[in-house]
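This report describes the packing of helices in one protein model. The sequence and structure are shown first.

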Amino acid sequence: MLLVLFIPVALHAQQPQTITKKGYTLHFHAQNPDFDAAQQKRLIDVFFTNYPKLVKDFNPNSLKEVYITIDTTYDGVAYAHNGKIVIAQAWMEKMPEDIDVVTHEVMHIVQAYPARSGPGWLVEGIADYVRYKYGVNNEAGNWSLPALKDDHHYKSSYRISARFLDWIENNKKKGTVKKLDAAMREKTYTPEIWTNLTGMELDALWDAYVAANKA
């Protein structure tokens with residue numbers, strides 16, 4: 001008699017890893033059991049390199065326990081919500097050096113802004129500014145802040161806004177990003193904060209940024 005042994009696929013699924021280090025716990029789950037183990041380690045290493053630094057520098061009350069899932073069906077790049085980060089496996093396979101996607105997403109956990117705390121472009125601009133400053137593999141990941149173009153605006157968000165913030169830090173008022181971040185977390189952000197911090201209104205700052213980068 002021929003015996004056929006059926007082994008449920010679930011038994012072969014990769015088990016979530018739980019790593020505790022530096023006072024933080026990371027639950028890391030690659031849904032695909034064949035997702036590259038070396039790549040998993042690189043992503044985990046970015047978390048433990050940068051998350052503690054960002055907590056210390058921006059928000060000491062940040063979560064001490066975080067979840068990262070490498071998702072086999074998500075068709076975006078990555079997102080973070082309530083201490084959970086989802087990264088598309090397809091993106092990691094397409095852009096394997098883009099491990100600092102973790103840096104951007106953990107900053108969202110650190111931000112922890114309440115609803116309607118400030119403009120969305122600034123939320124993403126700060127996260128990309130942080131990636132620019134703290135990233136461990138940006139150059140290899142072919143990630144950089146873009147040169148100014150005619151169709152750019154501070155409301156363009158992400159790297160465009162991040163480059164504007166970096167210019168403010170270097171040319172107007174160092175520490176501006178941390179104060180903007182704190183104001184949004186405390187829900188005290190108002191348009192007047194730009195004048196209070198730099199002596200210039202937001203639109204005037206942008207005009208000065210454009211002028212300086214076209215000179």
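Ile 126 and Trp 194 touch the most other members of the largest nonpolar core, which has 60 residues. Such a core is a set of buried Ala, Val, Leu, Ile, Met, Phe, Trp, Tyr and Cys residues joined through side-chain atoms within 4.5 Å. Helix 1 (residues 37–58) gives the most to this core, with nine residues. The model is predicted: local features need pLDDT of at least 70, side-chain atom pairs count only at pLDDT 80 or more, and totals for chains, interfaces and linings use all residues. Residues are numbered from 1 along each chain as its sequence is written, and side-chain values use heavy atoms, without hydrogens and water.

Beyond its neighbours within four places in sequence, Trp 194 is in contact (heavy atoms within 4.5 Å) with residues including Trp 121, Leu 165 and Leu 205.

Helix 8 (residues 202–214) has 13 residues; at 1.5 Å a residue it should span 18 Å, and its end C-alpha atoms are 18 Å apart, which agrees. Helices are DSSP runs (H or I, at least four residues), numbered from the N terminus. The expected span is 1.5 Å times one less than the number of residues.

Definitions and conventions
Helix = DSSP H or I, 4+ residues; strand = E, 2+ residues; numbered from the N terminus. Buried < 20%, exposed > 50% of the residue type's maximum accessible area, 1.4 Å probe, protein only.
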